[in-house]
Amino acid sequence: MAWKISLLGVRGSVPITGQQFKKYGGDTLCVLVETEEEVILFDAGTGILNLKNLSNHIHILIGHSHADHIMGLGLCKCLNNSDVYTHFYMTPRNNEGCQKMLERLYSPPLWSVFLEQLSSKMKFHNISGSFFIGNIKVDTLEGNHPGGVTHFKISDGNKTIVYAVDCELDEKSEHELIEFAKDCDILFCDGMYRECDFPNKKGWGHNTWLDAAELGENCNAKHTVIVHFDINETDEILDNISKQLSTHYPKCELGKQEEVWII
Ligand SMILES: [Zn+2]
Ligand SMILES: [Zn+2]
């Protein structure tokens, strides 16, 4: 049975609007995967507000609690519907579990209510290692990002998607990620910066698009989809990068909001 993958948001750090961002989109990260039985989301940036169809159970894998990855939660349809059971999965950090980390943003005075006061039923999962969502196996890997980040791999034994966003590859994390994502069908990878910008942004926890493309090659991903674009990257700039990718890395492309993949 095929999986449907919908890119609901691909921007990093903060959302942005305007004519020059229409093609690649301005919502922050959220990728929807619909398998035969499960609805799984990677991250809950403002892209989650584009989620149209709800199911009774929605599983949200969140790599870390930086605001761009959770800023769509408060008003998303799934959390404001009493027929929906929403499951959150996060790696505990600094002695805080999943619920506590999400409530840093979603509690007074930063938000009007606590998450639990919304109408959806919710379960907060503190994760480590591997676990299952139905028949989908989820593996995790810690990445290199300020404050920590979890990368995810989901697989039904035939198809595999790796979501490695918010990472700045160093020798150790690159080696680990190449093993983790080996031969996957789709690798979603952070390619926030251009080479020319990178010297001033070293240590901020993100790759260049070239690093992401190389990673895809090195782990033999069937498709590499680069996401988490900086808000300075207009459609014109991203089109230019896209051309270079199609020449030198034909299995790699830039993600576009509203794009749908079937694997
Ligand atoms: Zn981010
Ligand atoms: Zn981050």
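Which residue just after H3 takes a positive phi? In this predicted model, that residue is Asn-220, with a phi of about 60°.

**Helix H3 and its surroundings**

Helix H3 spans residues 209-218. Of its 10 residues, 7 are buried, so H3 is largely enclosed by the rest of the structure. The buried positions are Trp-209, Leu-210, Asp-211, Ala-212, Ala-213, Leu-215 and Gly-216. An α-helix has 3.6 residues a turn, so residues three or four places apart point the same way. The cover over the buried residues of H3 includes helices H2 and H4 (235-248), together with strands E11, E12 and E13.

**The seven-stranded sheet**

E11, E12 and E13 belong to an open sheet of 7 strands with mixed pairing, in the order E7-E8-E9-E10-E11-E12-E13. Its edge strands, E7 (130-133) and E13, each pair on one side only. From one strand to the next, the twist averages 20°. Helix H2 (residues 171-180) packs on this sheet, where H2 touches strands E8 (136-143), E9 (149-155) and E10 (160-164). The direction of H2 makes about 170° with that of E8.

**Strand E1 and its two partners**

Strand E1 (residues 4-9) is mostly covered, as 5 of its 6 residues are buried. E1 pairs in the antiparallel sense with strand E14 (residues 260-262) over 3 bridges. Another antiparallel pairing, with 5 bridges, links E1 to strand E2 (residues 30-34). Ser-6 takes part in both directions: this residue stands opposite Val-260 in E14, while its bridge partner in E2 is Leu-32.

The pairings described above are collected here.

| Strand pair | Sense | Bridges |
|---|---|---|
| E1 and E14 | antiparallel | 3 bridges |
| E1 and E2 | antiparallel | 5 bridges |

**The nonpolar core**

How many residues does the largest nonpolar core have? The core has 75 residues, and those with the most contacts inside it are Val-31, Leu-41, Ala-164, Leu-187 and Phe-188. H3 supplies the largest share of this core, 5 residues.

Ala-164 illustrates the contacts at one of these positions. Leaving aside residues up to four places away in sequence, Ala-164 touches Gly-143, His-151, Leu-177, Ala-181, Leu-187, Phe-188, Cys-189 and Asp-190. Two of the residues listed for Ala-164, Leu-187 and Phe-188, are likewise among those with the most contacts inside the core.

How values were computed:
Residues numbered from 1 in each chain as written. Chains lettered and ligands numbered in written order. Predicted model: local features only at pLDDT ≥ 70, side-chain atom pairs only at ≥ 80, totals over all residues. Buried ≥ 20, exposed ≤ 12 C-beta atoms within 10 Å, placed from the backbone. Helix = DSSP H or I, 4+ residues; strand = E, 2+ residues; numbered from the N terminus. Pairing = 2+ DSSP bridges. Right-handed = clockwise from strand over helix to strand, strands pointing away. Axes fitted to C-alpha atoms, helices over the stretch in contact; angles between N-to-C directions. Contact = placed C-beta atoms within 7 Å. Core = buried A, V, L, I, M, F, W, Y, C linked by C-beta atoms within 7 Å.
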